[in-house]
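Welcome! Take a moment to look over the sequence and the model, and then let us walk through some of its parts together.

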Amino acid sequence: GVFLDSATPVTYRFAKAKTVETADFYLSGVGAGDAPAITLSSAEDSAAWLLKVTRTSRVQGALVRDSHATASASEVCANDPSTNLGGNDKWRFDVNIREWIGGNAGASFNDGANWKDGNPPDASSLVYFSEDAKLSVVEPITIRELVVAAGTVDFVRGTNEITVAESLTVEDGAVLSMTSPLKVNGNAMLRKGATAPDHDPE
């Protein structure tokens, strides 16, 4: 996979029509003053470079131009302070990503301290898990999307309902286990090798 973390400005320029193919695509480039630190563009102005992500993506703090990700398994998701500089295809720049970092068994989903940016998810959030997690839901919640990229995510306690407004994705080898009721109003995608409970589609 591609994993890049930089708080200092860095630019990557790709050859025209070159395809960058990777299973996972993770960029974190929040610089001084919360400005984007990573720039992705073509080596030739207005010439497309190609991106194929076959599994998961999470981009934060990138300036992106002329990237065609049409061959990717799903849209490449970028959240603030990422910026669409134009010419991009199959990218989303309006994503409010919340990434779990809570490590204690039974830690609360609703506690901002358990999330990377210090804020709990809300109805606009893409909720993202990339490692094992055991958590409880202390009040009913609605989120936009739920992605279990790796590990076993276990909602160990509670009867409060979790509503996923748009999509649930459990990646290859990942496991989603829960006692709380789960309602998915949109699509549910289980990659080969994924495990998830039955859900209540609306």
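**A walk through the model**

Asn114 sits in the loop that links strand 12 (107-108) with strand 13. Please keep in mind that everything here describes a predicted model. Is Asn114 buried or exposed? Its relative accessible area is 11%, and because anything under 20% counts as buried, Asn114 is buried. Setting aside neighbours within four places in sequence, Asn114 is in contact with Glu99, Trp100, Ile101, Gly102, Ala107 and Ser108.

Which strands pair with strand 13? One is strand 11 (residues 96-99), which is joined to strand 13 in the parallel sense over 4 bridges. Within this pairing, Asn96 has Ser125 as its bridge partner. Another is strand 15 (residues 141-148), which also runs parallel to strand 13 and is joined to it by 4 bridges. There, Phe129 stands opposite Val148.

Phe129 also brings us to the largest nonpolar core, which has 24 residues. Phe109, Phe129, Phe155 and Leu176 are the ones that touch the most other members. Two or more residues of this core come from each of strand 13, strand 14 (133-136), strand 15, strand 16 (152-157), strand 17 (162-170), strand 18 (175-178) and strand 19 (182-184). Apart from this core lies another, of 17 residues, which includes Phe14, Leu51, Val76 and Trp91. As for Phe109, its contacts beyond four places in sequence include Trp100, Trp115, Val127, Leu135, Ile143 and Phe155.

Now turn to the open spaces. Rolling a probe the size of a water molecule over the atoms shows where empty space is left. The largest pocket holds about 380 Å³ of space. Of its 21 lining residues, Ser74, Glu75, Glu145, Ser167 and Thr169 are the closest to its centre. Strand 5, strand 13, strand 15, strand 17 and strand 20 (187-190) each supply at least two residues of this lining. Sorted by class, the lining has 9 nonpolar, 6 polar and 6 charged residues.

The second largest pocket holds about 230 Å³ of space. Among the residues that line it are Arg58, Gln60, Asn79, Asn96, Glu99 and Lys116. Strand 5 and strand 11 are the elements that give two or more residues to this lining. Which element gives the most to it? That is strand 11, with 4 residues. By class, the lining of the second largest pocket divides into 2 nonpolar, 3 polar and 6 charged residues.

Our last stop is Gly61, in the loop between strand 5 (49-60) and strand 6 (62-64). Gly61 counts as buried because its relative accessibility is 0%. Not counting residues up to four places away in sequence, Gly61 touches Gly29, Val30, Pro36, Ala37, Ile38, Asn79, Pro81 and Ser82. Gly61 and Ala35 are 26 residues apart along the chain, and their C-alpha atoms are separated by 6.9 Å.

Key: Residues are numbered from 1 along each chain as its sequence is written. This is a predicted model: local features need pLDDT of at least 70, side-chain atom pairs count only at pLDDT 80 or more; totals for chains, interfaces and linings use all residues. Side-chain values use heavy atoms; hydrogens and water are left out. Two strands pair if DSSP finds at least two bridges between them. Buried means under 20% relative accessible area, exposed over 50%, partly exposed in between (1.4 Å probe, protein chains only). Contact means heavy atoms within 4.5 Å. A nonpolar core is a set of buried Ala, Val, Leu, Ile, Met, Phe, Trp, Tyr and Cys residues joined through side-chain atoms within 4.5 Å. On a 1 Å grid over the protein atoms alone, a cavity is a set of points where a 1.4 Å probe fits but cannot get out, and a pocket is an open set with protein on both sides within 12 Å along at least five of seven lines; lining residues have an atom within 4 Å of a point. Grid points are joined across faces, edges and corners, and a volume is the space filled by probe spheres set on the points. Ala, Val, Leu, Ile, Met, Phe, Trp, Tyr, Cys and Pro count as nonpolar, Asp, Glu, Lys and Arg as charged, and the others, Gly among them, as polar.
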